[in-house]
Amino acid sequence: MGGEGEENLGGGGDGFESNESSPRGETDLIQEITSLVESVAQLGDYRRSHRKDCFGLVRRMKLLLPLVEEIRDFSGPIGSKGITCLCNLKKAFIMAKRLLKVCNEGSKIHLSVESEAIMMRFRAVNERLCHALESVPFDELGISDEVKEQVELMRVHLRRAKGRTDTQDIELAMDMMVVLSKEDDRNADIAILERLAKKLDLHTVDDLNNETLAIRNLVKERGPNGDNVEQIIDLLNKFKQVIGMEITDVLHNPVIPKLQKCASVVIPHEFLCPITLEIMTDPVIVASGQTYERESIQKWFHSNHRTCPKTRQTLAHLSVAPNFALKNLILQWCEENKFFLPNKNNNASSENSGPAEDIYSLVNDLSSNHLELQRKAVRKIRMLSKENPENRILIATNGGIRPLVRILSYPDSKLQEHAVTALLNLSIDETNKRYIADEGAIPAIIEVLQNGSTEARENSAAALFSLSMLDDNKIAVGLSNGIPPLVFLLKHGTVRGKKDAATALFNLSLNHSNKGRAIDAGIIPPLLQLLNDKNLGMVDEALSIFLLLVSHPEGRSAIGQLSFIEILVEFIKDGTSKNKECATSVLLELGSNNSSFILAALQFGVYEHLVELKNSGTNRAQRKANALLQLMTKTEQI
């Protein structure tokens, strides 16, 4: 990874001299080490994806302070071994500080996209610390038994950390795979985007403005053509679209739009919309008492938010009231300062009554005795539920979910298709996921999945995927016998149907009981077919599901046949970078539980391909290949 492999130990912005060929006095070294610990202790919180590792590293640095203090208080001369130990410790601490600053200030998306590379950096820091502690001359420096015991214990922990392989967040990896795909841009993906945004703490305007600045700094360091820069910017823009923010050119445009035409005029802070930071022309008050530009807050609401962007509190209602007092103050200030307000065509104040009344009427028509009226209503509800988040809320609050679930049992295939697709659209809203399940929709959707038209079955699979974002719904789908028809669709469906089934089955298999159900339903043969038919472009999805299934005893028994081991070896040899990474992970999981799988892979010539992967694969592939090679060495010694 460019610029993030072997650490450059120069002073570079940290203010520390690093040329130890002519070391200064031990007092300076000890002071620098102490200052490093103090500075990382003040960094505060860290990005969620690596928070545990960061706090663990800071804790280790603090635990080594008693050692440094005893060296400082030692009355005798410190020999060359002692100086070397301090120099090594300082280098390790500088390396640690740089990594901690990245996890404190860096782009959250970058840390997620390159999670494996960041983990490699943590591992490198641990190795550097372990190396530094191996050279401590305890006896020469008069180190107390208590501190010596503490240091020895830390060395043991560091050695364990060095040999341990961390567990990948498979759900996060799968979400990333779906979101970054340019082939499938349907509504169900919005639910994944929202879940990703929450996982990465990127669901407010302030979060995304700060992330934009962090990405711009990343681009300055790497250049616009650096590794994954395009993907990172693309995902940032998708997050912005979800909450209705304007998409700007991260590389060139400022994050915050220019607020005035005359540089000499400073606009009072209270006149600026907290979302856009532009002067307000139509200020309105929301239920929390905060004021926003009408257009901005309505975009926020239309993006499925029910909170105040500034206070983050859940709003009692989504109604807004004009802030006439503030508007008059803004107009007065503009006149006094000869400042011209942007000319905005605002008809928003009268926009909201129409759609609400239409939806109320349409929901009533869903229960009509006239079939043609029902057809028109369900088709219109399908369209409205696709258009924007507010419609999804209005349809649900006006009682639209229950009649849609009832329509699923109608013999009219087109009515079924419209109803299940409307429920798919409605399920994008997190609250609606629960409402839909509570109305008994899951068994009805499974019925359509088994017997509906092609498009209805595909959208049923997508609906089950969306609903199963909630753990309770994962269990409900499994208990309602929803997995066998998904497996059938995976085997016999269209390309789109197979993709819908695969994403649903992946999500459901995050539940341990559902893994056994999927295996019993015969998921293994269609997954193998996906591996064999590379034209479908679903190898990574299939391998990701295999990686979940091999953590189950029945899965290992069903999957670990010689033919499958040979397929894995073929992907490790000739697959894409991602294929190699996934196949190696699956083989490692199999081999960790049964050495016969390792021996079989060796017979198929996997060893030389793992050596090559260890040297030239992705960061994660290198780690998995290394772990497999170590496992093979142990297996051969048995």
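Modeller: The structure holds 20 salt bridges. A salt bridge here is a side-chain nitrogen of Lys or Arg within 4 Å of a carboxyl oxygen of Asp or Glu. Side chains of opposite charge can pair when their charged atoms come close.

A word on the source. This is a predicted model, in which local features need pLDDT of at least 70 and side-chain atom pairs count only at pLDDT 80 or more, while totals for chains, interfaces and linings use all residues. Residues are numbered from 1 along each chain as its sequence is written, and side-chain values use heavy atoms, with hydrogens and water left out.

Start with E417 and R382. Their side chains form a salt bridge, with N to O at 3.2 Å. E417 sits in helix α19 (residues 413-426) and R382 in helix α16 (residues 371-387), so the pair ties together parts that are 35 residues apart in sequence. Helices (H or I, at least four residues) and strands (E, at least two) are DSSP runs, numbered from the N terminus. E417 is buried, at 5% relative accessible area. R382 is buried too, at 18%. Buried means under 20% relative accessible area, exposed means over 50%, and partly exposed lies in between (1.4 Å probe, protein chains only). This pair also belongs to a network of salt bridges that links R382, K414, E417 and E455.

Next come R496 and D500. The closest N and O atoms of this salt bridge are 3.6 Å apart. Both residues lie in helix α25 (residues 495-508), four residues apart, so about one helical turn separates them. R496 is partly exposed, with a relative accessible area of 31%. D500 is buried, at 3%.

Now take E581 and K578. Their side chains meet in a salt bridge at 3.4 Å, N to O. Both lie in helix α31 (residues 577-593), three residues apart, or about one turn of the helix. E581 is buried, at 7% relative accessibility. K578 is partly exposed, at 29%.

Finally, step back to the whole chain. The protein chain has 34 helices and three strands. Buried residues make up 53% of its 638 residues. Among contacts (heavy atoms within 4.5 Å) with a separation of 6 or more, 70% join residues 24 or more positions apart.
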